[in-house]
Structures are given as structure tokens and as C-alpha cells.
Amino acid sequence: MTNQSAYTVLFSAGESSGEQHAANMFLELKQRCPSIRGIGMGGSKMRQAGIDVRYDSAGIGVIGLVEILKHYGEIRRALNLLKQIIRDEKPDLLVCVDYKEFNLKLARFAKSQGVKVLFYVSPQVWAWRPGRVVTYGKAIDMMAVIFPFETRYYEAENVPVRYVGHPSVDKVHPQGSRSEDFELFGLDPHRPVVGILPGSRGNEIKRILPVMLAAAASLAAQRPELQFVLPQADSISDAALAAHFVNTSLAVKVIKQQPYDVIQCCDAVMTTSGTASLEIALLGVPMVIVYRLAAFSYWLGKRLVKIPFIGLPNIIAGKTIVKELIQEQLTPENLAAEILQLLDDGDYRQNCLAALQAVKHQLGDGGGSKNMAQLALEMLGGA
């Protein structure tokens, strides 16, 4: 067995949600093995957890074929740097967190160099290209999945797999009570609050935030008593956000660092798809899920994806429990109308709340970060 003091874990996280998972996992690892060292690609959350971040992933957290092509040079530089680290420093374990295609390439290289690979967050093989199970199986030593139904896809192909629980179940906890947060954020508890969550990627902000702000302006005109809040993702700069508020008189409280406290103050939320929608579900807040891609990326995705939903609450429920407004359906009028229905239609709101509670129950009691740390140490112990 390798001396524990020599353990080095290389983390590769290309997006905001992934780096949060990596940070939480590393904190659990440090509790069990204080001398363990973490290095890799990520952002501020990983740095705060004590990981030596060699490449900041803020500029490469993009989605969609067109967007990836635009950032190809940057993505390639990141991949080459991590390959160099594997060659030069020979980490004991590579933990690939989400960011599928990039991390598949990195995993293949690590495997060729004799480095063990733990892949955290399965590609959505249940949604499209199930043949990827075999592809990933050849490049990794273990797949850690975050939804219980995912294990069967890997077991069918004899790929080592373990269900570790969804990390959001553990981390989605406000720091204060709802009344404390209203006071902290300067909100009036007697007036409804609408949340604006435009995403954690730069291209999402450009494409989606203008529609959200237009919808919010329409809502403010119809219902002057509404309050608007926007929890700013760490990966989005002040300047990138401020550019969208230049030509509007709409009052929006932009709040940093405390997304769950902000969300729990909301009566309804407009959000991009992805992890944020699941976090809102866990907090039990009615929402509308929106998304818009470059036209070609969407056209391609429609032909590849085999499930009818993009929002995680709907995917887990197996039916539409939250309205989705995608591409041309995403208009200020449609978005404002859905928020008003969530606020004003009592039966509609209660049905949504009950369905979100069922999704939370399905995800269980959590322990994802602890389970990941335990799995990593098992793999290191076999080094």
C-alpha cells in the first residue's frame, strides 16, 4: 500500500457545479486522511477547500457544440496541462468530475500512464448514446453515479459502478432561517419574492438573462409589490452581470455567496436547467425551468437526446412537474405568465410543491461527499 503521506489526488472539474462536488469530496478526504494532497483544474470553491488549482476552469465551462468550438483552443490548453501534470507528477488517483467529453479524454490518458481513474457523475447514458457505457468502462476504474437508477446501465456491461448519492442533498442547506434571511437581504416579508437564476456559464448569461429581466420587468409592471433577487454564481464576474442592467430601471437585489438562503426566500423562481433546478427542488420552491442554446447545438441535441425533459426534477419524476420553456418557447411573455400562475393559482402551486417533495424523497438522505471520499480511499488503498 502507498504511504498515506504520499497520496496525491488530481481533480478535473470544468464547471461550477462540478468544482463544488470536488471541493466537498476533498474536505471529506482531508478529514479521513489529513496528509492527502489535492491538485487540479477547477475554481474558487476548490481553492477554498485546500486544492492546489493549477488551471482555472471559469473560461471553459461552456455547453453546446457551437460554444465548445469557440472555446476549443482554451479547452485544448487545459487538457494538455493536465496531461503534463499526470506525466510529471504521477498522481495516485485521478477524479474526473462531470465535464464528460473532456474528462473522458483525460481518463484515457491517465489510464495509459498507469493512474487509477474514478469518474464522478455519470454521463447521461439514460438520455442519449447508451453505448457510452462501454466507452467509459474502458477508460476508468470506477464510475460513481448520483442517481440510483443509473447503476443498472453499468452493471449490464460489467463496468465497476457504485451509487454514492446525490451531493446536492448534503449541501443544499440555508445558513439562516427564512425570517433571518429576509432581514439580512433587506426584503419585505409581506411582499412576494421572485428568484432569477440565469446560470453559471458566461454564454448562459448572454442568452438567457435578457429574457429573464424582460419577464421580470413585465411582472413588475403587472404586480408592483413583487421583489426580485438574483443569487450571483461565483463563476460569473460582476462586469458580466452588470452589463445587462445598464438599460433597465428594474430593481433586482444581486446577492453573492448565499444561493440557498436567497432561494428559500423566494415564492417562485425562474431558473436555467441543470443542477440549480435540482437544488431549488430540494428547497421546495416552485419554479419554471428555461434554456436556450445556439440554433445548431439545439438542432443536434434534439436528434440525439432520447428523453422528453431537460430539467432534473422532471427527469427524476419521469413526468412534467415543472414547466420547461426551451428555445423559441422561451419568451418574456411565457416566462412571466408561468411565474404568475405559480404565485396566484393555489391548486397549481400545491401540486407543484407536492411533486417537488416526492423528488426530494426519491433522492434519499445524501452522504454523497462522504461516500465519494470513502470510495477514493478504497481505490488508493489498493494502489
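# Chatting through a predicted model

Q: Leaving aside neighbours within four places in sequence, what is Ala 139 in contact with?
A: Setting aside neighbours within four places in sequence, Ala 139 is in contact with Leu 104, Ala 107, Arg 108, Lys 111 and Val 117. Contact here means heavy atoms within 4.5 Å.

Q: Before we go on, what kind of model is this?
A: It's a predicted model, where local features need pLDDT of at least 70 and side-chain atom pairs count only at pLDDT 80 or more, while totals for chains, interfaces and linings use all residues. Residues are numbered from 1 along each chain as its sequence is written, and side-chain values use heavy atoms, with hydrogens and water left out.

Q: OK, which helix does Ala 139 lie in?
A: Ala 139 lies in helix α6, residues 132–139. Helices are DSSP runs (H or I, at least four residues), as strands are (E, at least two), numbered from the N terminus.

Q: Is Ala 139 buried or exposed?
A: Ala 139 counts as buried because its relative accessibility is 2%. Buried means under 20% relative accessible area, exposed over 50%, and partly exposed in between, using a 1.4 Å probe and protein chains only.

Q: What separates the C-alpha atoms of Ala 139 and Arg 108?
A: A distance of 4.8 Å, though Ala 139 and Arg 108 are 31 residues apart along the chain.

Q: Switching to α4 and α5: at what angle do they pack?
A: Helix α4 (residues 72–89) and helix α5 (residues 100–112) pack at about 25 degrees, with axes 10 Å apart. The axes are lines fitted to C-alpha atoms, for helices over the stretch in contact, and angles run from 0 to 180 degrees between N-to-C directions.

Q: And what does that make them to each other?
A: Roughly parallel, so that's the label for α4 and α5. Angles under 35 degrees count as roughly parallel, over 145 as roughly antiparallel, 65 to 115 as roughly perpendicular and the rest as oblique.

Q: Which residues make that contact?
A: On α4 they are Ile 75, Ala 78, Leu 79, Leu 82, Lys 83, Ile 86 and Arg 87, and on α5 they are Phe 102, Lys 105, Leu 106, Phe 109 and Ala 110.

Q: How do α1 and α18 pack?
A: Helix α1 (residues 16–32) and helix α18 (residues 368–381) meet at an angle of about 60 degrees, with their axes 8 Å apart. They are therefore oblique to each other.

Q: Who's in that contact?
A: From α1, Asn 24, Met 25, Glu 28, Leu 29 and Arg 32; from α18, Ser 369, Lys 370, Met 372, Ala 373, Gln 374, Ala 376 and Leu 377.

Q: How many residues of α13 are buried?
A: Seven of the eight residues in helix α13 (residues 275–282) are buried, leaving the helix mostly covered. The buried ones are Thr 275, Ser 277, Leu 278, Glu 279, Ile 280, Ala 281 and Leu 282.

Q: What comes just after α13?
A: Gly 284, which takes a positive phi of about 70 degrees.

Q: New topic: how many disulfides are there?
A: The count comes to zero, where a disulfide is a pair of cysteine sulfur atoms within 2.5 Å. For Cys 265, the nearest cysteine sulfur is that of Cys 266, 6.7 Å away.

Q: Is Cys 265 buried or exposed?
A: Cys 265 is buried, with a relative accessible area of 0%.
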